[in-house]
Amino acid sequence: MSGVNRRAALAILLAPALAGAHGAREGGAAVAAALAVGEAALARGDTAAALQAFEQAAALHHAADIEMGLVRAWMQGGEYRRALAFCAHTAGGHRDDAAPGALYAWLLRLGGQGAAAQRVMDDTRTRWPADPVVSAAVRQFATAWPVADGVLAEAPHRLAPYTAASPTGRILGTGVRVGLDQALAPLEAGLSRVGVRDGLGRCAEAVVVQDTRLPAGLVCLRFTTPLGPVAPLPVAARDPFAGSAGYTVTYSNGADGAPAWPWLHAGFVGGFDGAGPRRRLGIDVPAGARGGVLFDTSGHLAGLVDGAGWWPVSLLRPWLDSPSPVAPRAASDEVYERAMSSTLQLMSIA
């Protein structure tokens, strides 16, 4: 039995125990059963079934664990803005529970709202100084690359998506999906195939294709297994100029093979870095970032991050859709939502 099937079976088997734990609340057995079904559906990647189950539980009872299930189902379905807004309600409406505050702070920081995230985390820690979930989240917030491991990966507050496959190996970096079956990425030499995973937890395998039209260090990845549908990624019509505002989206480097949501950082892009077309990144990203995607303020793909520099979109044209029309400035949460399915976590394959 696969890891996903084991988790799903365990969730259903635990339903009677959960019913006992929640028996004091209205509809205890039915609520516990719905929560178990919803968690099992999330574990196998069926977000529609998970939402239906969590909504069924919410119709029976008002509780933080139910609402966090809804938040996580929307996140795994790529609806970051909806998840963030509802999580604000959950954290504010359930201050007698520690986990919603930690989840809300995590989601804020994911989307680049670091100051607001820290305020929420500080308030949650003040109210719940000994809670294990809050304590673990606080420790991770103190690192450059927060990782949702240990108690932070447990339901009902799980701070990461489920994945449809077991972890395969070490994290290699971040790439960008450009179409249904290919991606571009900065990648170390000597690799012939890699695993890829998006922010929704969907996985695929890919072969590494060296293409002389790409700058040295960048490769094209061709998927050999399906990753799932994706909306076309808008492409910037021109390279961002030095000093213009932008966003980078990248994955943490801290946990080998662990599924995760990506992190957005806002700032101002840099200019040319000496000879050649590579440019200084400018945006303040924690040290050790391995790849990333650069978006302009309209949320259009503007380049590919490679270490402390970035390659402008003009060098990637052969692999991209036609440039998109000029669009109004997009809010950071909209950019992040778009990045969840287009920004890829790269992993080694044993």
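The model is predicted, so local features need pLDDT of at least 70 and side-chain atom pairs count only at pLDDT 80 or more, while totals for chains, interfaces and linings use all residues. Residues are numbered from 1 along each chain as its sequence is written, and side-chain values use heavy atoms, with hydrogens and water left out.

Start with the core. In soluble globular proteins, nonpolar side chains tend to be buried together. A nonpolar core here is a set of buried Ala, Val, Leu, Ile, Met, Phe, Trp, Tyr and Cys residues joined through side-chain atoms within 4.5 Å. Buried means under 20% relative accessible area, exposed means over 50%, and partly exposed lies in between, with a 1.4 Å probe and protein chains only. The largest nonpolar core has 88 residues. Trp-106, Leu-107 and Leu-184 have the most contacts inside it. Helix H7 (residues 99-110) gives this core its largest share, nine residues. Another core lies apart from it, with 15 residues, including Leu-172, Ala-183, Ala-185 and Val-194. Helices (H or I, at least four residues) and strands (E, at least two) are DSSP runs, numbered from the N terminus.

Now look at Leu-107. Contact means heavy atoms within 4.5 Å. Not counting residues up to four places away in sequence, Leu-107 touches Val-71, Met-75, Tyr-80, Ala-83, Leu-84, Cys-87 and Trp-261. Several names return in helix H6, whose buried residues are Tyr-80, Ala-83, Leu-84, Cys-87, Thr-90 and Ala-91. Seen down the axis of H6, these buried residues fall within an arc of 125°, so they line one face of the helix. The arc is that of the directions from the helix axis to the C-beta atoms. The buried residues of H6 pack against helix H5 (64-76), H7 and helix H10 (332-342). The length of H6 (residues 80-93) fits too: at 1.5 Å a residue, its 14 residues should span 20 Å, and its end C-alpha atoms are 20 Å apart. The expected span is 1.5 Å times one less than the number of residues.

Helix H8 (residues 114-127) can be read in the same way. Its 14 residues should span 20 Å, and the end C-alpha atoms are 20 Å apart, which agrees. Ala-116, Ala-117, Val-120, Met-121 and Thr-124 are buried in H8. They fall within an arc of 135° seen down the axis, so they line one face of the helix. H7 and H9 are among the elements that cover them. The face turned away from the buried side carries the exposed residues Ala-115, Arg-119 and Thr-126.

H10 is mostly covered, with eight of its eleven residues buried. Val-335 is found in this helix. Its relative accessible area is 1%, so Val-335 is buried. Beyond residues up to four places away in sequence, Val-335 touches Tyr-247, Leu-264, Phe-295, Gly-299 and Ala-330. Asp-296 is 39 residues from Val-335 along the chain, yet their C-alpha atoms are separated by 9.0 Å.

Next come two loops. Ser-324 sits in the loop between strand E11 (309-312) and H10. At 19% relative accessibility, Ser-324 counts as buried. Leaving aside neighbours within four places in sequence, Ser-324 is in contact with Pro-234, Val-235, Ala-237 and His-300. Pro-156 lies in the loop between helix H9 (132-141) and strand E1 (171-177). The peptide bond from Ala-155 to Pro-156 is cis, with omega near 10°.

Arg-279 is in strand E8 (residues 279-280). It is buried, with a relative accessible area of 11%. The side chains of Arg-279 and Asp-239 are joined by a polar contact of 3.5 Å. A polar contact is a pair of N or O atoms within 3.5 Å; within protein, one must be able to donate a hydrogen and the other to accept it, and residues adjacent in sequence count only if both atoms are side-chain atoms.

Finally, the cysteines. A disulfide is a pair of cysteine sulfur atoms within 2.5 Å. A search of the whole structure finds zero disulfides. Cys-220 is buried, at 1% relative accessible area.
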